[in-house]
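Dear colleague,

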Amino acid sequence: MNKILLLSACFVLASICGWGAIFANDAIVLFLDGKRLTGNSVLVRYDAASSEKLALCEKGAFWLCQGPTWGVGPYTFIQVAGEEIMTFANWVRTPEGRASKDLNSDYQHYLQGRSKESLRQVTIMVPTIEESPALDKTPNPPPSRGMVGGKLGYDRFFRVNLENGEINIITRHQAFELK
């Protein structure tokens, strides 16, 4: 009986690992005055699981997974004044972070405080895949060992102008070249 249970458990675990897949991403790359932002001076406000959330656009980019939780928005980008915004990893090393009992909630409070130092805000809607398909459809690499599904879809890259909210689809190269 124990052997049957062990074999059943192994079969279940193997089937779970075998059907994994990775969804493609949408990268929103932020520009101001014609130049790509590379610092941590922008937050994004969006709805996540029926509540509003703030996130840091690390190095001037925000990444969305094209999976089942993907949404068109709205996404409000908030450029803040003053010092760079701390990443979560850096914030937890501060006295405030070390003293926190609820890290995620307290980090959200930190981000909310920083969002009040707004220089500018712009709200966008991300086009659907049908409205704006990926420009680069290079074949995805084969799935990693133990995965059957591999990567689903193609990465898309969008340039967002923080001055006026204009959003344009661009190539990967255009997204990360510095001007």
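Is Arg114 buried or exposed? Arg114 is buried, with a relative accessible area of 8%, where buried stands for under 20% relative accessible area, exposed for over 50% and partly exposed for anything in between, computed with a 1.4 Å probe on protein chains only. Before going further, please note that this is a predicted model, in which local features need pLDDT of at least 70 and side-chain atom pairs count only at pLDDT 80 or more, whereas totals for chains, interfaces and linings use all residues. Residues are numbered from 1 along each chain as its sequence is written, and side-chain values use heavy atoms, with hydrogens and water left out.

Salt bridges

Side chains of opposite charge can pair when their charged atoms come close. Taking a salt bridge as a side-chain nitrogen of Lys or Arg within 4 Å of a carboxyl oxygen of Asp or Glu, the count comes to four. Arg114 takes part in one of them, with Glu117, at 3.1 Å from N to O, and Glu117 is partly exposed at 33% relative accessibility. Another joins Arg156 to Asp26 at 2.8 Å, N to O; Arg156 belongs to strand 10 (residues 156–161) and Asp26 to strand 2 (residues 25–32), so that this pair links parts of the chain 130 residues apart, and both residues are buried. Helices (H or I, at least four residues) and strands (E, at least two) are DSSP runs here, numbered from the N terminus. A further salt bridge pairs Glu52 with Arg45, their closest N and O atoms being 3.3 Å apart; Glu52 is exposed, at 56% relative accessible area, and Arg45 is partly exposed, at 22%.

The sheet and its helix

Arg45 also has a bridge partner in strand 7, namely Thr76. Strand 4 and strand 7 pair in the antiparallel sense over four bridges, two strands being counted as paired if DSSP finds at least two bridges between them. They belong to an open sheet of four strands, in the order 5-4-7-8, with antiparallel pairing. Strand 5 (51–56) and strand 8 stand at its edges with a single partner strand each, so one side of each has no neighbour in the sheet. Helix 4 (residues 103–115) packs on the sheet and touches strand 4, strand 5, strand 7 and strand 8, a contact being heavy atoms within 4.5 Å. The direction of helix 4 makes about 75 degrees with that of strand 5, where axes are lines fitted to C-alpha atoms, for helices over the stretch in contact, and angles run from 0 to 180 degrees between N-to-C directions.

Nonpolar cores

A nonpolar core is a set of buried Ala, Val, Leu, Ile, Met, Phe, Trp, Tyr and Cys residues joined through side-chain atoms within 4.5 Å. The largest has 19 residues, and those with the most contacts inside it include Val44, Phe62, Tyr75 and Phe77. Among the elements that give two or more residues to this core are strand 2, strand 4 and strand 10. Apart from it lies another core, of ten residues, among them Val80, Ile85, Tyr107 and Leu111.

A buried asparagine

Asn40 is found in the loop between strand 3 (35–36) and strand 4 (42–48), and is buried, with a relative accessible area of 14%. Leaving out residues up to four places away in sequence, Asn40 touches several residues, including Leu56, Lys59, Glu84 and Ile85.

With best wishes
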